[in-house]
Number of protein chains: 2
Amino acid sequence: MDRFDVDETPVNPALLTPVIHQMVRHTSVRHFDPERSLPDGLVEVLVAAAQSASTSSNFQSWSVIQVGDTGRKRTLAELCDRQAFIDQAPLFLVFCADTHRLRWVTRRQGYTFASDYVEMLLVAAIDSALACQNAALAAESLGLGCCMVGAIRNRPREVVELLELPRGVFATIGLAVGYPTVRRPVKPRLPQSVVLHRERYSDGNLEAGVAAYDAKMAGTGTYSGRRVPKPGLPADAPPDSDPYSWAEHTARRMARGHPMRRDLGRFLRDQGFVLDQATTAE
Amino acid sequence: MDRFDVDETPVNPALLTPVIHQMVRHTSVRHFDPERSLPDGLVEVLVAAAQSASTSSNFQSWSVIQVGDTGRKRTLAELCDRQAFIDQAPLFLVFCADTHRLRWVTRRQGYTFASDYVEMLLVAAIDSALACQNAALAAESLGLGCCMVGAIRNRPREVVELLELPRGVFATIGLAVGYPTVRRPVKPRLPQSVVLHRERYSDGNLEAGVAAYDAKMAGTGTYSGRRVPKPGLPADAPPDSDPYSWAEHTARRMARGHPMRRDLGRFLRDQGFVLDQATTAE
């Protein structure tokens, strides 16, 4: 079952290249074989794949930290919500938004950096994401499994300290890589009618599309044992018995907010990013 | 010549899957055949590929606007630095960071949105980038060419108006798609020794790596006719004759700042994004 089957998207078979066939089978993997070692040269190939993604103005404003050390992986697993699979994965790559290199090269050439505005944060975060997506798909094409870990932003100061990230650099996405022992089925996504807009943005299909998605997601077991308590209740409140699927799960998360990431802005400022308009003029 | 050749990266041939082979041949395409029409069902396949990328917590906080209308494409080309290839491409996809849908579903379920902090901007921007990278590679695997267009952020208010983007949505990346009439060679990237860090971030290889990269890039012709005037000089100052390659080009850009994007922060606030820590508490 690939994404076309799961999402019931009719597809022109002439368009099914091996690349697309790989993409539409993507599932996040959270169970790795800790015994099976990775092929020689894997990291270099994944980095070449990552570097082959587009990058804004060829700034290449991203870096990746390869973490294989057992103790460091264990610490990162602790910092990322105690997600044990990070520890278990033979390889953990930490993709970073990197403006340090751009600051360094500006100074080296004798100039003063004058790109302190939120656009640079976006450029670097987007560059790191484009790179990470290629690395993940490349790994999957080799029979490996991956899981992107946004929880790398839960305790960003500790990650900076552990990985010795300089000012102007922060971790955007962790990528756990290894041979999968368990593969879950492809997860349904929202209908294309909700995500794809023709010529202009429209909410016209939103209500019906979310309702259909909720009906489908309720059958996947995704939320069993993962019910988020209602906003206002403590995080360890006993589960209620309200109808529960994507909309309710997502709404509760949005209404509670993320307890660890609400202060990311303060961290980013301290780490050398400017979140507002320019402080220097041309 | 693929990325392994261009960047002189030794590669274990056992690791060259069709997917990786496709990635390492990526080049941005800026010349399209306006006569050759796109295959039926292309957009749906590209969206399925995009939806197959990872998304933070299955929030799916992105949308894509398919632009095919000639007048609208012409206007977008104007808004994006007058890049004529946008006009020429039979298809232009505008990837957006989308928190509108999350706000809508929170309200629909009867709750109050409490995720107004910079982390949500990052989640949505990163989601949109992961989706866009898959769509681009999928298109390339079909023999199409693509160019990602960050200039979609040059005049964000006009883009909002043209594409009728609601509050909580903004365009992160444009993607021009079409059959290429000109393909440039694969562009060298910084040596892996600069971008890839082992266990912890290190600047140890930065100076040597950038010097080697400068030597290589100087031979590609990338900067001929594209010299950025020195910081302090007007944008239309006559070109100087200093040594000029990636480091100098990049440093000058960073030292001048981007004239149109320095105010993106103000736009984002007006568009409903919060760029600082939480304003509401759990």
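Predicted model: local features only at pLDDT ≥ 70, side-chain atom pairs only at ≥ 80, totals over all residues.
Chain B has its own example: the charged end of B:R36 lies over the ring of B:Y179, 3.5 Å from its centre.

**How the two chains are related**
- Turning chain A by 180 degrees, with 0.0 Å of shift along the axis, superposes it on chain B with an RMSD of 0.0 Å.
- The two copies are therefore related as by a two-fold rotation axis.
- Within chain A, the C-alpha nearest this axis belongs to A:V19, 2.6 Å away from it.
- Both copies use the same surface, since 100% of the contact residues of chain A recur in chain B.

**Rings that meet**
- Over all chains, a search of the whole structure finds 12 aromatic pairs.
- For B:Y223 and B:Y244, the ring centres are 5.9 Å apart and the planes are at 70 degrees, so this pair is edge-to-face.
- These two tyrosines are 21 residues apart, and both belong to the loop between α10 and α11 of chain B.
- B:Y223 and B:Y244 are both buried.
- In chain A, one aromatic cluster is formed by A:F170, A:F267 and A:F273.

**A closer look at helix α8 of chain A**
- This helix covers residues 156-163, and its buried residues include A:P156, A:V159 and A:L163.
- Among the elements of chain A that cover the buried residues of α8(A) are β1, α4 and α12.
- After α8(A) comes A:E164, which has a positive phi, near 55 degrees.

Definitions and conventions:
Residues numbered from 1 in each chain as written. Chains lettered and ligands numbered in written order. Heavy atoms only, no water. Least-squares fit on C-alpha atoms with pLDDT ≥ 70 in both. Contact = heavy atoms within 4.5 Å. Buried < 20%, exposed > 50% of the residue type's maximum accessible area, 1.4 Å probe, protein only. Helix = DSSP H or I, 4+ residues; strand = E, 2+ residues; numbered from the N terminus. Phe/Tyr/Trp six-rings, centres within 6.5 Å; stacked < 30°, edge-to-face > 60°. Lys NZ or Arg CZ within 6 Å of the ring centre and 35° of its normal.
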